[in-house]
Amino acid sequence: MTSLDRALSTLLWLLALIFIAGLAHILTIFYLPTHFAKVPMETFAAFAKQSQLTLLPQAAPGASLTPFADPATVQGICTFDLAQGPLHVHGDVDRDRLLTMSFRTPAGMVFYSLTNRAAQKGKLDILLLNTAQLEALEAEDDAQDEGAPAQDLRLLSPTEKGFVLLSALANFPSETADAEQRVKAFTCETQEPATD
Amino acid sequence: MANWRLRVHFFIKLLGVVLAGVILGLGGTLLMLERGVSFGAVKAGPWTASPHNGSLDVDPYARAMFAYTGELPLGAAEGIGFTAQKDSMGAPLNAHCDYIVSGHTPQARYWTMTLLSPEGLPVANAARRYGFTSAEILRAPGGNFEIALSRHARPGNWLPIGDASKFMLVLRLYDPDLNIATLSLDEASLPALIRKNCR
């Protein structure tokens, strides 16, 4: 073996090492969120009933279900499974106090979000659907053809399962109970799938 | 015989390279998660924000980081969060030092400034104060504010560091007047984070 052969062989081994390291790195980055880690949805499923609004414990020293949560907010969640039917989220909002809502995949990624500014006449009324449910509803609209615009906001979910996170800001610690009431003012319910 | 030996030698080498590669790759993943590497992050002075984290455009590294930490980022329409792990001079935040956070924030309906442990939990302190909201902060006549970060009680807006060995600051802008998708900020539009005395 000449010194050139030896150098080439070392180079090949080095390239193999870089290739394997790169592959291991990319695979773990892509598969960690769905395969290796506990997704938020699983954490919530342990204590929250599906399609029912459940208050999350407020962020406090020592432990939190949702790390990095704002301790000035009160949060509630509704987990959903659209296979059971569309999810209807509705409630009254206070115009002057911040309430935000985000619709998330099981891993917690946001596919839609809004604030209480989106409310019409002090109400937020949202229907979360999968593609089949949305198409069925649109067909129903066409059949009725009353020309009246639907009152509720229809949202298409990219995943069958996921959760809705509601957050109300307490401007002062003394307003925490009020913020809690503003979250509790919302109802989540699974609508019966259309039977026809 | 020599041929057989060569083969064993080759397989041992191959096994070593595969093992070393996997260890290197996993180490790289862990390092990136610990450092919170995210593409498309916007930096302004000591503050960092990732505008795409509030939508499905989130990059794979940020996605992996959220799975690792359990954080639920703010939705794009809810607002945006900025984190600071260093002061305005670029030195890591030290729990044994006092800091002054001063200036103003970009226009937003509300904002909150929170002191958290690196794990994302509020830090225990006797005053049970974990942050300030824009509504409760005391301001100077011009509208600017000053928050003192310290282990010891301070007059005005005092945000206790408590017994944390390490900490970070999170500034959340709720319903901001910013186009989050094309966010670019200069240092002057966010509060400065100046180190004072250390003990």
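**Figure 1. Polar contacts link chain B and chain A.** Between chain B and chain A, 16 residue pairs are in polar contact, with both partners at pLDDT 80 or more. The model is a predicted one. On the chain B side, α1 (2–35), α2 (60–69), β5 (108–116) and β9 (168–176) each supply at least two residues that touch chain A. The largest share comes from α1(B), with 15 residues. Sorted by type, the residues on this side of chain B divide into 34 nonpolar, 13 polar and nine charged.

**Figure 2. The contact between the two chains.** Chain B brings 56 residues to the contact, and chain A brings 56 residues. Together the chains bury about 4,500 Å² between them. Of this area, 71% lies on carbon and sulfur atoms. Which three residues supply more of the area that chain B buries against chain A than any other three? They are B:L72, B:E78 and B:R109, and they supply 15% of that area.

**Figure 3. A salt bridge across the contact.** Side chains of opposite charge can pair when their charged atoms come close. Here the partners are A:R104 and B:E78, which form a salt bridge. Their closest N and O atoms are 3.7 Å apart. The count between chain B and chain A is three salt bridges. Over all chains, the count comes to 14 salt bridges. Why does the pair A:R104 and B:E78 join two chains? A:R104 lies in strand β4 (residues 99–104) of chain A, while B:E78 lies in the loop between α2 and β3 (79–84) of chain B, so the pair joins two chains. B:E78 is also one of the three residues named for the area that chain B buries against chain A.

Figure 4. UniProt, in an unreviewed entry, lists residues 12–32 of chain A as "transmembrane region". In the model, this span is 100% helix and 0% strand. Its end C-alpha atoms are 30 Å apart. The domain assignment of chain A gives domain 1 (1–37) and domain 2 (40–190). The C-alpha centres of these two domains of chain A lie 44 Å apart.

Figure 5. For chain B, an unreviewed UniProt entry places "transmembrane region" at residues 12–33. How much of this span is helix, and how much is strand? It is 100% helix and 0% strand, and its end C-alpha atoms lie 32 Å apart. The domain assignment of chain B gives domain 1 (1–35) and domain 2 (42–49 + 75–198). Domain 2 of chain B is written as two segments. The C-alpha centres of domain 1 and domain 2 of chain B lie 45 Å apart.

Figure 6. The feature "domain: DUF1214" is placed by UniProt, in an unreviewed entry, at residues 79–177 of chain B. This span is 0% helix and 44% strand. Its end C-alpha atoms lie 9 Å apart.

Technical notes
Residues are numbered from 1 along each chain as its sequence is written. Chains are lettered from A and ligands numbered from 1 in the order in which they are written. This is a predicted model: local features need pLDDT of at least 70, side-chain atom pairs count only at pLDDT 80 or more; totals for chains, interfaces and linings use all residues. Side-chain values use heavy atoms; hydrogens and water are left out. Domain bounds come from an automatic or database domain assignment. Contact means heavy atoms within 4.5 Å. Buried area is the accessible area (1.4 Å probe) that two parts lose on being put together, summed over both. A salt bridge is a side-chain nitrogen of Lys or Arg within 4 Å of a carboxyl oxygen of Asp or Glu. A polar contact is a pair of N or O atoms within 3.5 Å; within protein, one must be able to donate a hydrogen and the other to accept it, and residues adjacent in sequence count only if both atoms are side-chain atoms. Helices (H or I, at least four residues) and strands (E, at least two) are DSSP runs, numbered from the N terminus. Ala, Val, Leu, Ile, Met, Phe, Trp, Tyr, Cys and Pro count as nonpolar, Asp, Glu, Lys and Arg as charged, and the others, Gly among them, as polar. UniProt positions are given in the numbering used here, feature names are shortened, and annotations may be inferred rather than shown by experiment.
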